[in-house]
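These are my notebook entries on one chain, kept in the order in which I looked things up.

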Amino acid sequence: MVFSEINAFISIIDRIKGKLSGNDNDENDSEDSIADRVIGVFESHGVHKNQIPRFCDSDLTIADVQNEQSLLKRLDERLLNFVCENFAVSREWIDGASKQIYPIHDFYKKPEDFIKFLDDLLENNTGNRISGLLLTSDKTAENTVLLLEEELDRMEMIPIYRYHLCNATTFHYWKSRAYTTACVAYAWRKKVFIHGQYLPQKEIDNIARGECLLGWSGKGAWSLKGKKWYPEDMTIKPDSYLAGIDPERDNYGQKAALSLWLELEEQGYMDSGLGKNVRSFFLKKLNELR
(Lines give C-alpha, C1' and ligand atoms only; values in the text may rest on other atoms or scores of the structure.)
Protein backbone atom coordinates (compact mmCIF):
# COMPACT_ATOMS: atom_id res chain seq x y z
CA MET A 1 0.00 0.00 0.00
CA VAL A 2 1.00 3.67 -0.09
CA PHE A 3 3.14 5.45 2.51
CA SER A 4 4.65 3.82 5.53
CA GLU A 5 3.07 6.64 7.49
CA ILE A 6 -0.46 5.51 6.67
CA ASN A 7 -0.06 1.84 7.46
CA ALA A 8 -2.13 2.41 10.57
CA PHE A 9 -5.23 3.47 8.75
CA ILE A 10 -4.69 1.04 5.88
CA SER A 11 -4.85 -1.82 8.38
CA ILE A 12 -8.35 -0.69 9.32
CA ILE A 13 -9.61 -1.48 5.85
CA ASP A 14 -7.45 -4.46 4.91
CA ARG A 15 -10.49 -6.66 5.44
CA ILE A 16 -11.99 -5.26 2.27
CA LYS A 17 -9.30 -7.19 0.31
CA GLY A 18 -9.20 -5.18 -2.84
CA LYS A 19 -12.73 -3.86 -2.83
CA LEU A 20 -11.48 -0.38 -1.94
CA SER A 21 -10.06 -0.13 -5.43
CA GLY A 22 -13.52 -0.40 -6.91
CA ASN A 23 -12.37 -3.09 -9.32
CA ASP A 24 -15.37 -3.57 -11.59
CA ASN A 25 -13.84 -6.72 -13.04
CA ASP A 26 -14.20 -8.56 -9.74
CA GLU A 27 -17.06 -10.99 -10.25
CA ASN A 28 -17.22 -11.59 -6.51
CA ASP A 29 -17.70 -7.90 -5.72
CA SER A 30 -21.02 -7.92 -3.91
CA GLU A 31 -23.39 -5.15 -2.90
CA ASP A 32 -22.07 -5.04 0.64
CA SER A 33 -18.76 -3.66 -0.65
CA ILE A 34 -20.56 -0.30 -0.78
CA ALA A 35 -20.91 -0.41 3.00
CA ASP A 36 -17.27 -1.48 3.26
CA ARG A 37 -16.21 1.58 1.32
CA VAL A 38 -18.38 3.94 3.33
CA ILE A 39 -16.94 2.70 6.63
CA GLY A 40 -13.43 2.81 5.13
CA VAL A 41 -13.85 6.46 4.15
CA PHE A 42 -14.94 7.48 7.64
CA GLU A 43 -12.26 5.54 9.47
CA SER A 44 -9.42 6.61 7.18
CA HIS A 45 -10.35 10.23 7.82
CA GLY A 46 -10.34 9.77 11.58
CA VAL A 47 -14.03 9.14 12.30
CA HIS A 48 -14.43 5.90 14.28
CA LYS A 49 -17.38 3.85 13.12
CA ASN A 50 -19.13 4.44 16.44
CA GLN A 51 -18.87 8.19 15.76
CA ILE A 52 -20.46 8.00 12.33
CA PRO A 53 -24.04 8.67 13.55
CA ARG A 54 -22.90 11.85 15.35
CA PHE A 55 -20.80 13.02 12.43
CA CYS A 56 -23.66 12.54 9.99
CA ASP A 57 -26.19 14.12 12.34
CA SER A 58 -28.67 11.52 11.14
CA ASP A 59 -31.00 8.93 12.58
CA LEU A 60 -28.32 6.27 12.24
CA THR A 61 -27.65 4.37 15.46
CA ILE A 62 -24.48 2.78 16.78
CA ALA A 63 -26.05 -0.60 16.07
CA ASP A 64 -26.42 0.40 12.40
CA VAL A 65 -22.67 0.88 11.95
CA GLN A 66 -21.30 -2.16 13.76
CA ASN A 67 -20.81 -4.13 10.56
CA GLU A 68 -21.26 -3.92 6.82
CA GLN A 69 -24.50 -5.89 6.83
CA SER A 70 -26.27 -3.63 9.34
CA LEU A 71 -25.07 -0.45 7.62
CA LEU A 72 -26.08 -1.71 4.20
CA LYS A 73 -29.71 -1.75 5.29
CA ARG A 74 -29.55 1.94 6.17
CA LEU A 75 -27.64 3.27 3.16
CA ASP A 76 -29.74 5.53 0.98
CA GLU A 77 -29.04 8.25 -1.58
CA ARG A 78 -28.98 10.99 1.04
CA LEU A 79 -26.33 9.27 3.15
CA LEU A 80 -24.20 8.22 0.17
CA ASN A 81 -24.26 11.75 -1.21
CA PHE A 82 -23.36 13.09 2.23
CA VAL A 83 -20.25 10.89 2.31
CA CYS A 84 -19.18 11.87 -1.21
CA GLU A 85 -19.70 15.59 -0.69
CA ASN A 86 -18.10 15.80 2.74
CA PHE A 87 -15.01 13.77 1.90
CA ALA A 88 -14.75 14.76 -1.78
CA VAL A 89 -14.75 11.14 -2.93
CA SER A 90 -16.21 9.81 -6.14
CA ARG A 91 -19.71 8.34 -6.11
CA GLU A 92 -18.61 6.01 -8.89
CA TRP A 93 -15.95 4.60 -6.57
CA ILE A 94 -18.44 4.22 -3.71
CA ASP A 95 -20.70 2.31 -6.11
CA GLY A 96 -17.83 0.06 -7.18
CA ALA A 97 -17.85 1.32 -10.77
CA SER A 98 -14.44 3.04 -10.72
CA LYS A 99 -11.01 2.62 -9.17
CA GLN A 100 -10.50 6.35 -8.78
CA ILE A 101 -11.45 7.53 -5.30
CA TYR A 102 -10.67 11.23 -5.68
CA PRO A 103 -11.13 13.48 -8.70
CA ILE A 104 -7.98 15.10 -10.08
CA HIS A 105 -8.31 18.84 -10.52
CA ASP A 106 -6.22 19.82 -13.52
CA PHE A 107 -5.11 23.45 -13.61
CA TYR A 108 -2.30 23.05 -16.13
CA LYS A 109 -2.31 26.21 -18.28
CA LYS A 110 -5.42 27.34 -16.37
CA PRO A 111 -4.37 29.42 -13.35
CA GLU A 112 -7.64 31.32 -13.57
CA ASP A 113 -9.50 28.06 -12.88
CA PHE A 114 -7.36 27.43 -9.79
CA ILE A 115 -8.22 30.90 -8.53
CA LYS A 116 -11.93 30.19 -8.85
CA PHE A 117 -11.53 26.72 -7.30
CA LEU A 118 -9.65 28.02 -4.27
CA ASP A 119 -11.94 31.02 -3.85
CA ASP A 120 -14.94 28.67 -3.78
CA LEU A 121 -13.27 26.52 -1.11
CA LEU A 122 -12.49 29.58 1.00
CA GLU A 123 -16.00 30.95 0.63
CA ASN A 124 -17.48 27.70 1.94
CA ASN A 125 -14.84 27.26 4.66
CA THR A 126 -15.28 30.47 6.60
CA GLY A 127 -12.67 29.47 9.17
CA ASN A 128 -10.01 29.49 6.44
CA ARG A 129 -8.83 26.11 7.69
CA ILE A 130 -7.11 25.15 4.47
CA SER A 131 -3.44 24.45 3.85
CA GLY A 132 -1.51 22.42 1.35
CA LEU A 133 1.47 20.28 0.49
CA LEU A 134 3.36 20.18 -2.76
CA LEU A 135 4.65 16.62 -2.96
CA THR A 136 7.56 15.98 -5.26
CA SER A 137 10.70 13.90 -5.56
CA ASP A 138 14.18 15.34 -5.09
CA LYS A 139 15.46 12.98 -7.79
CA THR A 140 13.25 12.56 -10.84
CA ALA A 141 10.33 14.90 -10.07
CA GLU A 142 8.16 13.24 -12.69
CA ASN A 143 4.75 13.65 -11.06
CA THR A 144 4.20 16.42 -8.56
CA VAL A 145 0.93 16.66 -6.63
CA LEU A 146 -0.53 19.74 -4.99
CA LEU A 147 -2.55 18.33 -2.11
CA LEU A 148 -4.99 20.71 -0.42
CA GLU A 149 -6.08 19.74 3.08
CA GLU A 150 -9.33 21.27 4.31
CA GLU A 151 -10.50 20.93 7.90
CA LEU A 152 -14.19 20.07 8.02
CA ASP A 153 -14.94 19.47 11.66
CA ARG A 154 -13.55 18.01 14.86
CA MET A 155 -14.48 14.85 16.69
CA GLU A 156 -13.28 14.78 20.31
CA MET A 157 -10.85 17.60 19.37
CA ILE A 158 -9.41 15.54 16.49
CA PRO A 159 -9.61 17.44 13.19
CA ILE A 160 -11.44 15.77 10.31
CA TYR A 161 -10.09 16.70 6.89
CA ARG A 162 -11.01 16.31 3.28
CA TYR A 163 -8.51 16.39 0.45
CA HIS A 164 -8.30 17.88 -3.01
CA LEU A 165 -5.76 16.55 -5.52
CA CYS A 166 -4.50 19.23 -7.89
CA ASN A 167 -2.01 19.42 -10.73
CA ALA A 168 -0.41 16.02 -11.08
CA THR A 169 2.23 17.35 -13.47
CA THR A 170 5.74 16.68 -14.73
CA PHE A 171 7.60 19.04 -12.46
CA HIS A 172 10.90 19.26 -14.32
CA TYR A 173 9.13 20.47 -17.49
CA TRP A 174 9.29 24.25 -17.71
CA LYS A 175 5.64 24.85 -18.53
CA SER A 176 4.45 22.64 -15.68
CA ARG A 177 6.80 24.42 -13.27
CA ALA A 178 5.45 27.82 -14.24
CA TYR A 179 1.77 26.95 -13.90
CA THR A 180 2.31 25.08 -10.64
CA THR A 181 4.17 28.11 -9.29
CA ALA A 182 1.23 30.32 -10.26
CA CYS A 183 -1.07 28.13 -8.16
CA VAL A 184 1.32 28.27 -5.22
CA ALA A 185 1.58 32.05 -5.52
CA TYR A 186 -2.17 32.61 -5.44
CA ALA A 187 -2.62 30.22 -2.51
CA TRP A 188 0.00 32.06 -0.44
CA ARG A 189 -1.56 35.39 -1.35
CA LYS A 190 -4.86 34.08 0.06
CA LYS A 191 -3.02 32.80 3.18
CA VAL A 192 -3.46 29.18 2.16
CA PHE A 193 0.08 28.15 2.95
CA ILE A 194 1.56 25.56 0.60
CA HIS A 195 4.54 23.71 2.02
CA GLY A 196 6.74 21.17 0.27
CA GLN A 197 7.81 17.64 1.02
CA TYR A 198 10.10 15.32 -0.92
CA LEU A 199 8.79 11.77 -1.15
CA PRO A 200 9.79 8.72 -3.22
CA GLN A 201 8.40 9.00 -6.73
CA LYS A 202 6.48 5.74 -6.48
CA GLU A 203 4.53 7.03 -3.51
CA ILE A 204 3.73 10.30 -5.26
CA ASP A 205 2.55 8.43 -8.34
CA ASN A 206 0.11 6.39 -6.24
CA ILE A 207 -1.40 9.53 -4.78
CA ALA A 208 -1.47 11.21 -8.21
CA ARG A 209 -3.77 8.49 -9.55
CA GLY A 210 -6.32 9.22 -6.85
CA GLU A 211 -6.72 5.51 -6.14
CA CYS A 212 -5.70 5.35 -2.46
CA LEU A 213 -7.67 6.60 0.50
CA LEU A 214 -6.15 9.61 2.18
CA GLY A 215 -6.67 10.66 5.74
CA TRP A 216 -3.79 9.42 7.85
CA SER A 217 -6.21 8.24 10.59
CA GLY A 218 -7.22 11.78 11.45
CA LYS A 219 -3.63 13.01 11.87
CA GLY A 220 -3.62 14.90 8.60
CA ALA A 221 -1.11 15.10 5.78
CA TRP A 222 1.35 16.87 8.08
CA SER A 223 2.15 13.50 9.64
CA LEU A 224 4.09 12.61 6.49
CA LYS A 225 7.81 12.29 7.11
CA GLY A 226 9.25 13.59 3.86
CA LYS A 227 12.10 16.08 3.71
CA LYS A 228 10.82 19.65 3.74
CA TRP A 229 11.30 22.20 1.00
CA TYR A 230 9.80 25.62 0.30
CA PRO A 231 7.56 25.99 -2.77
CA GLU A 232 6.88 29.64 -2.01
CA ASP A 233 10.52 30.38 -2.89
CA MET A 234 9.64 29.66 -6.53
CA THR A 235 7.53 32.84 -6.49
CA ILE A 236 10.39 35.12 -5.39
CA LYS A 237 13.75 33.41 -6.07
CA PRO A 238 14.78 32.57 -9.66
CA ASP A 239 17.25 29.88 -8.61
CA SER A 240 14.63 28.09 -6.52
CA TYR A 241 12.15 28.35 -9.38
CA LEU A 242 14.64 26.85 -11.85
CA ALA A 243 15.91 24.08 -9.56
CA GLY A 244 15.53 20.72 -11.27
CA ILE A 245 14.06 22.06 -14.51
CA ASP A 246 15.33 20.20 -17.58
CA PRO A 247 17.65 22.80 -19.16
CA GLU A 248 17.26 21.25 -22.63
CA ARG A 249 19.54 22.33 -25.48
CA ASP A 250 21.28 25.70 -25.05
CA ASN A 251 19.41 26.23 -21.77
CA TYR A 252 16.16 26.55 -23.69
CA GLY A 253 14.14 24.98 -20.86
CA GLN A 254 15.39 27.43 -18.24
CA LYS A 255 15.05 30.46 -20.49
CA ALA A 256 11.53 29.43 -21.50
CA ALA A 257 10.63 28.85 -17.84
CA LEU A 258 11.76 32.34 -16.90
CA SER A 259 9.99 33.90 -19.88
CA LEU A 260 6.74 32.19 -18.92
CA TRP A 261 7.17 33.22 -15.27
CA LEU A 262 7.50 36.84 -16.43
CA GLU A 263 4.49 36.51 -18.72
CA LEU A 264 2.33 35.10 -15.93
CA GLU A 265 3.62 37.71 -13.50
CA GLU A 266 2.59 40.45 -15.92
CA GLN A 267 -0.89 38.94 -15.92
CA GLY A 268 -0.97 39.05 -12.12
CA TYR A 269 -0.56 35.33 -11.43
CA MET A 270 2.83 35.30 -9.66
CA ASP A 271 2.12 37.67 -6.80
CA SER A 272 2.47 35.64 -3.60
CA GLY A 273 2.71 38.73 -1.42
CA LEU A 274 6.11 37.60 -0.19
CA GLY A 275 8.47 40.04 -1.87
CA LYS A 276 8.92 43.38 -3.61
CA ASN A 277 10.49 44.11 -7.00
CA VAL A 278 10.54 40.36 -7.61
CA ARG A 279 10.10 40.74 -11.36
CA SER A 280 13.50 42.41 -11.67
CA PHE A 281 15.22 39.35 -10.16
CA PHE A 282 13.68 37.03 -12.74
CA LEU A 283 14.39 39.40 -15.60
CA LYS A 284 18.02 39.68 -14.51
CA LYS A 285 18.34 35.88 -14.39
CA LEU A 286 16.87 35.56 -17.87
CA ASN A 287 19.34 38.13 -19.25
CA GLU A 288 22.22 36.20 -17.69
CA LEU A 289 21.19 33.06 -19.58
CA ARG A 290 20.85 34.76 -22.95
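Entry 1. I worked throughout on a predicted model. Ser-70 is found in helix H4, which covers residues 68–72. Leaving aside residues up to four places away in sequence, I found that Ser-70 touches Ala-63, Asp-64 and Val-65. I also looked up a C-alpha separation: Ser-70 and Ala-35 are 35 residues apart along the chain, and 8.9 Å lies between their C-alpha atoms.

**Entry 2. The chain as a whole.** I then turned to the totals. The chain holds twelve helices and six strands. It has 290 residues, of which 53% count as buried. Of the contacts with a separation of 6 or more, 70% are between residues 24 or more positions apart.

**Entry 3. The sheet.** In what order do the six strands lie in the sheet? I read the order as E1-E4-E3-E2-E5-E6, in an open sheet with mixed pairing. The edge strands are E1 (104–105) and E6 (227–229), each of which pairs on one side only. I noted for reference that strands of a sheet pair through backbone hydrogen bonds, either parallel or antiparallel.

I took the pairs one by one. Strand E2 (residues 130–136) runs antiparallel to E3, and six bridges join the two. Within this pair, Ile-130 has Glu-150 of E3 as its bridge partner. E3 and strand E4 (residues 158–170) are also antiparallel, with eleven bridges. There I found Leu-146 opposite Cys-166 of E4. E2 and strand E5 (residues 194–198) pair in the parallel sense, over five bridges. In E5, the residue opposite Leu-134 is Gly-196.

**Entry 4. Strand E3 and its turns.** Is strand E3 mostly covered or mostly uncovered? I found E3 (residues 143–155) mostly covered, with ten of its 13 residues buried. The hairpin of E3 and E4 has two residues between the strands, and Glu-156 in this hairpin takes a positive phi near 55°.

I then examined the loop between E2 and E3, where Asp-138 has its place. Asp-138 has a relative accessibility of 48%, and I therefore recorded this residue as partly exposed. Asp-138 and Gln-201 are 63 residues apart in sequence, yet their C-alpha atoms are 8.7 Å apart in space.

**Entry 5. Helices on the sheet.** Which strands does helix H7 lie across? I listed E1, E2, E3 and E4 for H7 (residues 111–124), which runs at about 15° to E3. Helix H9 (residues 201–208) also packs on the sheet, where it touches E1, E2, E3 and E4. The direction of H9 makes about 65° with that of E3.

**Entry 6. Helices H2 and H5.** I next compared the axes of helix H2 (residues 33–44) and helix H5 (residues 77–87), which come within 11 Å and cross at roughly 35°. The crossing of H2 past H5 is left-handed. On the H2 side, Ile-34, Val-38, Val-41 and Phe-42 take part, and they meet Leu-80, Val-83 and Phe-87 in H5. By class, I counted seven nonpolar residues in the contact of H2 with H5, no polar ones and no charged ones.

Which residues of H5 are buried? My list is Leu-79, Leu-80, Val-83, Cys-84, Asn-86 and Phe-87. An α-helix has 3.6 residues a turn, so residues three or four places apart point the same way. The cover over the buried residues of H5 includes H2, helix H3 (52–56), helix H6 (91–95), E3 and E4. Just after H5, Ala-88 takes a positive phi of about 55°.

**Entry 7. Cysteines.** How many disulfides does a search of the whole structure find? My search returned zero. Cys-56 counts as buried because its relative accessibility is 6%. Cys-84 has a relative accessible area of 10%, so I recorded Cys-84 as buried too.

How values were computed: Residues are numbered from 1 along each chain as its sequence is written. This is a predicted model: local features need pLDDT of at least 70, side-chain atom pairs count only at pLDDT 80 or more; totals for chains, interfaces and linings use all residues. Side-chain values use heavy atoms; hydrogens and water are left out. Buried means under 20% relative accessible area, exposed over 50%, partly exposed in between (1.4 Å probe, protein chains only). Helices (H or I, at least four residues) and strands (E, at least two) are DSSP runs, numbered from the N terminus. Two strands pair if DSSP finds at least two bridges between them. Contact means heavy atoms within 4.5 Å. Axes are lines fitted to C-alpha atoms, for helices over the stretch in contact, and angles run from 0 to 180 degrees between N-to-C directions. A disulfide is a pair of cysteine sulfur atoms within 2.5 Å. A crossing is left-handed if the near helix is turned anticlockwise from the far one by less than a right angle, and right-handed if clockwise. Ala, Val, Leu, Ile, Met, Phe, Trp, Tyr, Cys and Pro count as nonpolar, Asp, Glu, Lys and Arg as charged, and the others, Gly among them, as polar.
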